[in-house]
Amino acid sequence: MSPNSTQWQDFASNDLDQVQSSVSSMIKPHRLSLKKSSQPLQTRMRFVQFGQVALMRLGYGADVRIQPEELAGFYLIQLPQYGQATIRCGGETVDSSPKIATVLNPNAEIDMVWHANNEQLMLKVDRTLVENIALNLDWHVPSSGLIFPVKLEAHRSTNWQLMLRYVVDCARNSDSVLQSPLLIAQLEQLIATTLLDAHPPLTAEKPRVPGKVLPKHIRLVENYLHEHADQVIRVDELAALAQVSIRTLHAGFQEYCGISPMQYLRQIRLDRARHDLLHSLDPNVSVAQVALRWGFMHQGRFSAEYKQRFGETPSQTLQRRRHEM
């Protein structure tokens, strides 16, 4: 079976080499190993490709360790239907379950343990598709690409659940869907747009007000903020850069971004602080050091804003990172 399969087909095997080869051909070359040789592998698998997205259902009867090569060109969203797994992607480790899904990012080191009788639905979504749609929605997409939080609580999003049901239904009727390029294009758009809406990336700001074209002076200031976030920035300097008054600049950001220029800068700095906590090479780095580096003088306020944006405190992020080192 290859990634160009045109049916939602069943595959089952107990042969480790055969399973590794088949799954590698559909998703990515990887190393598959049994944690307990006494357990039967009992692999169950289905796969279908729709243009720049693919859906797969995969389950193992045994405890297995999965070590894929870097994904590079796509995101892999893993949605457990039952069972447990431990997923490490980059600097984050997530214990996944039917209520905790995961998003694997391109160019991140990945190491996973799927426990016995764990079965997951997986969406493979082309990186270019996601980033082009983000740009069309007027998100800022850094040159390094979009990075999503690994932990995904998909069950909390009604839109996500509706999208997934529709995709599974399309897979069951793949022969008909694959005859319509229009349906495939719509499916690609639906999956990528729902991902961005339900699970915003760490490295992009909130989308603009729908239907409005971003003015040149707003885009100019946004780019400047991303490029100089580690420097002292005053709103009067931003207004001078944009060649508008402070009031006009503030009103423009509120209209098109929903926040003020300095709030926008604060969000960028929170994202940079999280990146430092997750990826610092200094084993002794502290939350206070990272906060001060990015201009957060009040530790309590920094912790509250960080938790509101990322769902955990900076100390929790740092502790989790140290456990993984």
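When I say that residues meet or are in contact, I mean that they have heavy atoms within 4.5 Å. What you are looking at is a predicted model.

I start with that word contact, in the pair α8 and α9. On the α8 side there are Leu-249, His-250, Phe-253 and Gln-254, and they meet Pro-261, Gln-263 and Tyr-264 of α9. By type, this contact holds four nonpolar residues, three polar ones and no charged ones. The axes of α8 and α9, the latter spanning residues 261-279, are 8 Å apart, and the packing angle is about 60°. That angle makes α8 oblique to α9.

The other pair I want to show is α3 and α5. In general, two packed helices are described by the angle between their axes and the distance between the axes. Helix α3 covers residues 158-172 and helix α5 covers residues 181-198; their axes come within 10 Å and cross at roughly 155°. An angle over 145 degrees counts as roughly antiparallel, and α3 and α5 are therefore roughly antiparallel to each other. The crossing of α3 past α5 is left-handed.

Which residues make the contact? From α3 we have Asn-159, Trp-160, Met-163, Tyr-166, Val-167 and Cys-170. From α5 come Leu-183, Leu-187, Leu-190, Ile-191, Thr-194, Leu-195, Asp-197 and Ala-198. Sorted by type, the contact of α3 with α5 has 11 nonpolar residues, two polar and one charged.

As a general point, nonpolar side chains in soluble globular proteins tend to be buried together. In this model the largest nonpolar core has 36 residues, and the members that touch the most others are Phe-50, Ile-77, Leu-123, Val-130 and Trp-160. At least two residues of this core come from each of β3, β4, β6, β9, β11, α2, α3 and α5. The most come from α3, which gives seven.

Apart from this core lies another one, of 31 residues, including Ala-229, Phe-253, Ala-273 and Val-287. Phe-253 has already come up, as one of the α8 residues that meet α9.

If we leave aside neighbours within four places in sequence, Ile-77 is in contact with Thr-102, Val-103, Leu-121, Met-122, Leu-123, Val-125, Leu-152, Trp-160 and Leu-195.

With the same exclusion of sequence neighbours, Val-125 is in contact with Gln-52, Val-53, Phe-74, Tyr-75, Ile-77, Val-130 and Ile-191. Phe-50 is 75 residues away from Val-125 in sequence, and the C-alpha to C-alpha distance between Val-125 and Phe-50 is 9.9 Å.

Ser-96 is found in strand β8, residues 92-96. Is Ser-96 buried or exposed? Its relative accessibility is 1%, so Ser-96 counts as buried. Beyond neighbours within four places in sequence, the contacts of Ser-96 are Pro-80, Gly-83, Gln-84, Ala-85, Ile-87, Thr-102 and Gln-120.

Ile-66 lies in strand β5 and is buried, with a relative accessible area of 7%. Again leaving out neighbours within four places, Ile-66 is in contact with His-30, Arg-31, Leu-32, Tyr-60, Ile-110, Asp-111, Met-112 and Trp-114.

By contrast, Asp-10, in strand β1, counts as exposed at 57% relative accessibility.

Last, two backbone points. Ala-72 is not a glycine, but has a positive phi of about 60°. Ala-72 sits in the loop between β5 and β6 and is partly exposed, at 32% relative accessible area. Gln-243, likewise not a glycine, has a positive phi of about 60°. The loop in question for Gln-243 runs between α7 and α8, and Gln-243 is exposed, with a relative accessible area of 74%.

Technical notes:
Residues are numbered from 1 along each chain as its sequence is written. This is a predicted model: local features need pLDDT of at least 70, side-chain atom pairs count only at pLDDT 80 or more; totals for chains, interfaces and linings use all residues. Side-chain values use heavy atoms; hydrogens and water are left out. Axes are lines fitted to C-alpha atoms, for helices over the stretch in contact, and angles run from 0 to 180 degrees between N-to-C directions. Helices (H or I, at least four residues) and strands (E, at least two) are DSSP runs, numbered from the N terminus. Angles under 35 degrees count as roughly parallel, over 145 as roughly antiparallel, 65 to 115 as roughly perpendicular and the rest as oblique. A crossing is left-handed if the near helix is turned anticlockwise from the far one by less than a right angle, and right-handed if clockwise. Ala, Val, Leu, Ile, Met, Phe, Trp, Tyr, Cys and Pro count as nonpolar, Asp, Glu, Lys and Arg as charged, and the others, Gly among them, as polar. A nonpolar core is a set of buried Ala, Val, Leu, Ile, Met, Phe, Trp, Tyr and Cys residues joined through side-chain atoms within 4.5 Å. Buried means under 20% relative accessible area, exposed over 50%, partly exposed in between (1.4 Å probe, protein chains only).
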